[in-house]
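Subject: Structure for your files, with notes

Hello,

The structure is pasted below, and my notes follow it. Please read them with the model open.

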Amino acid sequence: MLSLDFLDDVRRMNKRQLYYQVLNFGMIVSSALMIWKGLMVITGSESPIVVVLSGSMEPAFHRGDLLFLTNRVEDPIRVGEIVVFRIEGREIPIVHRVLKIHEKQNGHIKFLTKGDNNAVDDRGLYKQGQHWLEKKDVVGRARGRADQWRTGIIDSSLKVMATTQPPALNQQICSLHWDCDYPHE
């Protein structure tokens, strides 16, 4: 029924109105692509915004949370940092925390990751024979998030940056998210 109404509206438009509608749609799509490409340049990440798809990082992140990423080459990867990485042969990137770092004398860094809610590290997820990730595998590092309930934007150290909720509710929101640091060795 909806598609028939749409077709009737299109039929009633003259050529100029139809042309303007198509042009407006094209401008909206091209604007969205330009904003996305601009974010890629500013953040240094091929995917500046990602959605958490699993519960492996609970309680820090839940399914549906949006993560804002950066991937500056000059910033060293640190233990405890949350990274988004891609494994060869898998399309969907993974969001996990850096568990260990192995640095060679020549400065080459490899690291091991683990989901906060997982019992074991990620070596079982890596490709056959791979025991460590390298910087080339990183899509980005979590610098902020918008949680699934849209209560506010929370940075990677899990302090509230901005919110639209009343102060009493902010304290409840903060208490839900604060104790999320991963115990390091």
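Lysine 127 counts as partly exposed at 36% relative accessibility; buried means under 20% relative accessible area, exposed over 50%, and partly exposed in between (1.4 Å probe, protein chains only). Lysine 127 forms a salt bridge with glutamate 88, and their closest N and O atoms are 3.1 Å apart. A salt bridge here is a side-chain nitrogen of Lys or Arg within 4 Å of a carboxyl oxygen of Asp or Glu. The pair links distant parts of the chain, 39 residues apart: glutamate 88 is in the loop between E3 and E4, and lysine 127 is in the loop between E5 and E6. Helices (H or I, at least four residues) and strands (E, at least two) are DSSP runs, numbered from the N terminus. Glutamate 88 is exposed, with a relative accessible area of 59%.

This is a predicted model, in which local features need pLDDT of at least 70 and side-chain atom pairs count only at pLDDT 80 or more, while totals for chains, interfaces and linings use all residues. Residues are numbered from 1 along each chain as its sequence is written, and side-chain values use heavy atoms, with hydrogens and water left out.

Overall make-up

The protein has three helices and nine strands. Along the sequence they follow the pattern α-α-β-β-β-β-β-β-β-β-β-α. Of the 185 residues, 34% count as buried. The protein exposes about 12200 Å², of which carbon and sulfur atoms supply 58%; the areas come from the Shrake-Rupley method with a 1.4 Å probe, and for residues only the protein chains shown count as cover. Among contacts (heavy atoms within 4.5 Å) between residues at least 6 apart in sequence, 49% join residues at least 24 apart.

Strands

Strand E7 (residues 138–146) is largely enclosed by the rest of the structure, because eight of its nine residues are buried. E7 runs antiparallel to E2 and is joined to it by five bridges; two strands are said to pair if DSSP finds at least two bridges between them. Within that pairing, leucine 67 has arginine 145 of E7 as its bridge partner.

E7 also pairs with strand E3 (residues 82–85) in the antiparallel sense, over three bridges. There, valine 83 stands opposite arginine 141 and phenylalanine 85 stands opposite valine 138. From E3, Ile82 and Val84 point one way and Val83 and Phe85 the other, and all are buried.

E3 is joined to E4 as well, by four bridges, and the two run antiparallel. The partner of valine 83 in E4 is histidine 96.

Strand E4 (residues 94–103) then pairs with strand E5 (residues 109–114), antiparallel, over six bridges. These two form a hairpin with five residues between them, and glycine 107 in the turn has a positive phi of about 95°. Histidine 102 stands opposite lysine 110 in E5. Lysine 110 also stands opposite glutamate 134 in E6, where two bridges join E5 to strand E6 (residues 133–134) in an antiparallel arrangement.

How many salt bridges does a search of the whole structure find? The search finds eight. One of them joins arginine 145 to aspartate 65, with the closest N and O atoms 3.3 Å apart. This pair links distant parts of the chain, 80 residues apart, with arginine 145 in strand E7 and aspartate 65 in the loop between E1 and E2. Both arginine 145 and aspartate 65 are buried.

Arginine 141 forms a salt bridge with glutamate 81, the closest N and O atoms being 3.6 Å apart. Arginine 141 lies in strand E7 and glutamate 81 in the loop between E2 and E3, so the pair ties together parts that are 60 residues apart in sequence. Arginine 141 is buried at a relative accessible area of 1%, and glutamate 81 is buried at 11%. Asp75, Glu81, Arg141 and Arg143 are linked in a network of salt bridges.

Single residues to look at

- The peptide bond from glutamate 58 to proline 59 is cis, with omega near 10°. Proline 59 lies in the loop between strand E1 (49–51) and strand E2 (66–70).
- Serine 47 lies in the loop between helix H2 (15–43) and E1. Serine 47 is buried, at 15% relative accessible area. Not counting residues up to four places away in sequence, serine 47 touches Trp36, Leu69 and Val139.
- Glutamate 103, in strand E4, counts as exposed at 52% relative accessibility.

Regards
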